[in-house]
Amino acid sequence: MERAAALVLMTLLVAPAPARAQSPAVSLRPVLVQGAMPSETELLAGRLDGASVDRIGGWMFWRGTIDGYPVIVSKTLKGMSNAAAVTALAVQRYNPIAIINQGTAGGHTPTLRVYDIVLGTSAVSLGAFKSPRRDVGAGSNTLDWTPLDLTASEGSASSDPNARRVARFQGDRALLAAALGVKTAYARGQVVEGVIGSSDVWNDELDRIARFHSQFGTAVEDMETASAAQVASLFNIPFLGIRVLSNNATNGGAHDPKTGEACQDFVHRVIKAYVATLVRKAA
Ligand code: SAH
């Protein structure tokens, strides 16, 4: 038993350090671009020059360059917990200069069509609420619930009046400017600014969607952006959510998974525009 433990220890001690890119770009802080699913990451990963793959836990990262600047594509997997955990992990491991979370989303704005893209001026959490008290047998109505900002204070969120609001995370202005600068290059639909709402719930109740839209201004909903944005804000890292409508329950927009590729193609342009500003700043 002791021998086995010693062997494990020795293996750990002599194991090579994690591989680092050998390019001169290694000293630059990378741009991190996140997507939840293969259909939301593979096109971008394929557009990296000199890519290598890191696996950490259940997560995959592709490290390479775009226009000579280091970019990391991260497959976050779906949902709020995955998005938060992998963002914290990526910040510690790769020290990104900026984070873009992108992928598909469901429309809350009836005038937005499948293939339209929303640039997240802010992201809100649609997962934290306090219900009013109801007695046994009185049922449940989410429209009665009050939003809770779990980041508002260190005290009890339910008794702090400052916490009775939605948690909101602002999109970064420089990233937003880069995205707005290339919006006319997107031919599949319109590119608009708007609020992205996130939770682990897929909402298909039109009254609930309408409430989110009117109360918090949500243009779309997804399951990752606000979570990644929250972690990025704690590390003070510029962040932007970019979401393509893959469906829109408010106007009968049927789900189209190919939208994930269109979004990545647009985000590729955004990254090029953004890294050009970084390179100009450094010059
Ligand atoms: N419809 C897909 C499954 C997507 S599951 C399929 O059948 O393969 C939800 C994922 O898509 C999440 O990563 C989320 O960010 C995104 N998404 C797209 N539309 C959504 C919606 N209407 N509500 C919530 N998440 C949505």
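1. Two strands are said to pair if DSSP finds at least two bridges between them. In this predicted model, β3 and β4 meet that condition, since seven bridges join these antiparallel strands.

2. D49 has T65 of β3 as its bridge partner. These strands likewise form a hairpin with two residues between them, and G57 in the turn has a positive phi of about 55°.

3. K75 belongs to strand β4 (residues 69–75). K75 is buried yet has no salt bridge; E42, the nearest side chain of opposite charge, is 5.5 Å away, whereas a salt bridge requires the nitrogen and the carboxyl oxygen to lie within 4 Å. Neighbours within four places in sequence aside, the contacts of K75 include W59, M60 and W62, as well as G35 and P38.

4. The aromatic residues form a second topic. A pair of aromatic rings is described by the distance of the centres and the angle of the planes. The model has five aromatic pairs. In one of them, Y186 and F266, the ring centres are 5.7 Å apart and the planes stand at 70°, so the pair is edge-to-face. Because Y186 lies in the loop between α4 (173–181) and β10 (191–198) and F266 in helix α7 (residues 259–282), the pair ties together parts that are 80 residues apart in sequence. Y186 and F266 are both buried.

5. F212 and F216 make a stacked pair, with 6.0 Å from centre to centre and 25° between the planes. Both lie in helix α5 (residues 206–216), four residues apart, which is about one turn of the helix. F212 is buried with a relative accessible area of 3%, and F216 is buried with 6%. Together with F129 and W145, they form one aromatic cluster.

6. R208 is over the face of F129, at 5.9 Å from the ring centre, and R188 is over the face of Y115, at 4.2 Å from the ring centre.

Note on methods. Residues are numbered from 1 along each chain as its sequence is written. Side-chain values use heavy atoms; hydrogens and water are left out. Rings of Phe, Tyr and Trp (its six-membered ring) pair if their centres lie within 6.5 Å; planes under 30 degrees apart count as stacked, over 60 as edge-to-face and the rest as tilted. Buried means under 20% relative accessible area, exposed over 50%, partly exposed in between (1.4 Å probe, protein chains only). A charge sits over a ring if NZ of Lys or CZ of Arg is within 6 Å of the ring centre and within 35 degrees of the ring normal. Lys and Arg count as positive and Asp and Glu as negative; His and the chain ends are not counted. Contact means heavy atoms within 4.5 Å.
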